Amino acid sequence: MPRTFLIDTDTASDDAVALIMALRAPDVRVAAITVVAGNVDVHQATRNALYTVELCGADVPVYTGAEKPLLRPRWDATWFHGRDGLGDHGYAPARLEARKEHAAGAIIDAIDANPGLVFVTLGPLTNVALALARKPEIAAKVGRCVIMGGAPCCEGNVTPAAEYNIWADPEAARIVMNSGVPIELIGWHLCRFDAALNPADIDRALKLNTPASRFAIECNSHAREAYFVQTGERGISLPDPVAMSIALDPSIGTNWSEHYVDIETASELTRGMTVVDRLNVAADDRNRGVWANVLAQKRKAKICWTLDVKRWKESLFTALG
């Protein structure tokens, strides 16, 4: 029996590659793709998701969701992904159309219909928080919730403290973290350095010469340049595909531990920081009051600290071949 995936995305260049990996996995059925505002506005992100589904020849419903964060103004990442989120190459609109139902309702329906599914989130967590607010009991029906987000115990990519997906809607992230969903946190740190595609990797992908491989490299051209400006590191950094590779095969993550996690929402200096109780001191007398809501859930998040770079890249090449 194929595994069932539900994917929430703010579809831009790396999201699109992650979608390809799921849509082309032979043992996975994608029940739905739900779209949230983030990297680009939610309608452009929906167009990008539909384009990717059509490129893969897949039959998967796509649902448009939240147009902005729960409480804050929306900040996009077009400076990184391009105005259209796909590197501004002028891809033709897809013939497919999004479904009419709101993404939050589609999330509830998909989880109710497929208890034990794998829920992969690739963008800000607004849609997920809205679904949990409507029906909190869906948290117990999720088998795994693989979240691409956060900068656990390391620097962020949009502020010194925070990674974009969590920073964009920290209130939503906090709701999800405190919901009881079985979270596997795949932080931004995992897509850097040797995990980024180097020139030899890029050449190997292009030599596959498939529509998926050509699109995966081309749509990340703007992101490749922006990544160098951002970090001084060369290559194509692919946080969402890294997360998808671990969703498809958890053993690609080589070092995991379980900890309480909370999200900073009150401080502008550290807004969206993923605060990980790595030394297990949250329940100490001096901390218990601040961490009371998290401790009350009695559920820790699994944090992935390192990955098998060779196997992550092989999973990508297999999907693009």
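**Exercise 1.** Determine how strand 10 (residues 301–307) is covered, and which strands pair with strand 10.

*Solution.* The model is a predicted one, in which local features need pLDDT of at least 70 and side-chain atom pairs count only at pLDDT 80 or more, while totals for chains, interfaces and linings use all residues. Residues are numbered from 1 along each chain as its sequence is written, and side-chain values use heavy atoms, leaving out hydrogens and water. Next, consider the pairing, for which DSSP must find at least two bridges between two strands. Strand 6 (residues 183–186) pairs with strand 10 in the parallel sense over three bridges, and Leu185 stands opposite Ile303. Strand 7 (residues 253–259) pairs with strand 10 in the antiparallel sense over six bridges, with Thr306 as the bridge partner of Asn255.

**Exercise 2.** Locate the cores.

*Solution.* A nonpolar core is a set of buried Ala, Val, Leu, Ile, Met, Phe, Trp, Tyr and Cys residues joined through side-chain atoms within 4.5 Å. In the largest, of 61 residues, Phe5, Val30, Ile33, Val120, Met244 and Trp312 touch the most other members. Helix 1 (residues 13–23) supplies the largest share of this core, eight residues, helices being DSSP runs of H or I with at least four residues. A second, separate core of 36 residues includes Val176, Ile263, Val276 and Ile303.

Conventions:
Buried < 20%, exposed > 50% of the residue type's maximum accessible area, 1.4 Å probe, protein only. Helix = DSSP H or I, 4+ residues; strand = E, 2+ residues; numbered from the N terminus.
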